[in-house]
Amino acid sequence: MSGGIRWSDELFGYTIGTPAEDLSYDNRDSGQRDAEVPVVDSHFHLGADDRSPSPSLNRSVIYECHVRA
């Protein structure tokens, strides 16, 4: 984990203290408070003849994308 979590109410995704409790929605951005966690698979090792895939964009699918600012 890189950095640390600075706890605050906007990390919960709902408005703390409202009568609706976790059925409410908090649209504040919590991105400044999240820790960064790199994902590393130590069980996979590239060989000498391995290369990164380079598909063209029209043959690619982006299944998850986090955009900020």
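Author: Contact means heavy atoms within 4.5 Å. The model discussed here is predicted.

Reader: Which residues does S24 touch, setting aside residues up to four places away in sequence?

Author: S24 touches G13, Y14, T15 and T18. Take G13 from that list. S24 and G13 lie 11 residues apart in sequence. Their C-alpha atoms are 8.4 Å apart in space.

Reader: Why is S24 called buried?

Author: Its relative accessible area is 19%. Buried means under 20%, so S24 counts as buried.

Reader: What makes the link between the side chains of S24 and T18 a polar contact?

Author: The distance is 3.4 Å. The cut-off for a pair of N or O atoms is 3.5 Å, with one able to donate a hydrogen and the other to accept it. The S24 and T18 side chains are joined by such a contact. The S24 side chain also reaches the backbone oxygen of E21, at 2.8 Å.

Reader: How do you know that R28 and D26 form a salt bridge?

Author: Their closest N and O atoms are 2.6 Å apart. The rule asks for a side-chain nitrogen of Lys or Arg within 4 Å of a carboxyl oxygen of Asp or Glu. R28 and D26 therefore qualify as a salt bridge. The side chains of D26 and R28 also make a polar contact, at 2.6 Å. By the salt-bridge rule, the count comes to one.

Reader: Are the two partners buried, partly exposed or exposed, and why?

Author: D26 has 9% relative accessibility. That is under 20%, so D26 counts as buried. R28 has 42%.

Reader: Which residues is D26 in contact with, leaving aside neighbours within four places in sequence?

Author: D26 is in contact with D9, E10, G13, Y14 and T15. G13, Y14 and T15 are also among the residues that S24 touches.

Reader: What about the chain as a whole: how many helices and strands, and how much is buried?

Author: The protein chain has zero helices and zero strands. Of its 69 residues, 9% count as buried. The chain exposes about 6,900 Å². Carbon and sulfur atoms supply 52% of that area. Among contacts with a separation of 6 or more, 39% come from residues 24 or more positions apart.

Definitions and conventions
Residues numbered from 1 in each chain as written. Predicted model: local features only at pLDDT ≥ 70, side-chain atom pairs only at ≥ 80, totals over all residues. Heavy atoms only, no water. Helix = DSSP H or I, 4+ residues; strand = E, 2+ residues; numbered from the N terminus. Buried < 20%, exposed > 50% of the residue type's maximum accessible area, 1.4 Å probe, protein only. Areas by Shrake-Rupley, 256 points an atom, 1.4 Å probe, with all protein chains shown as cover.
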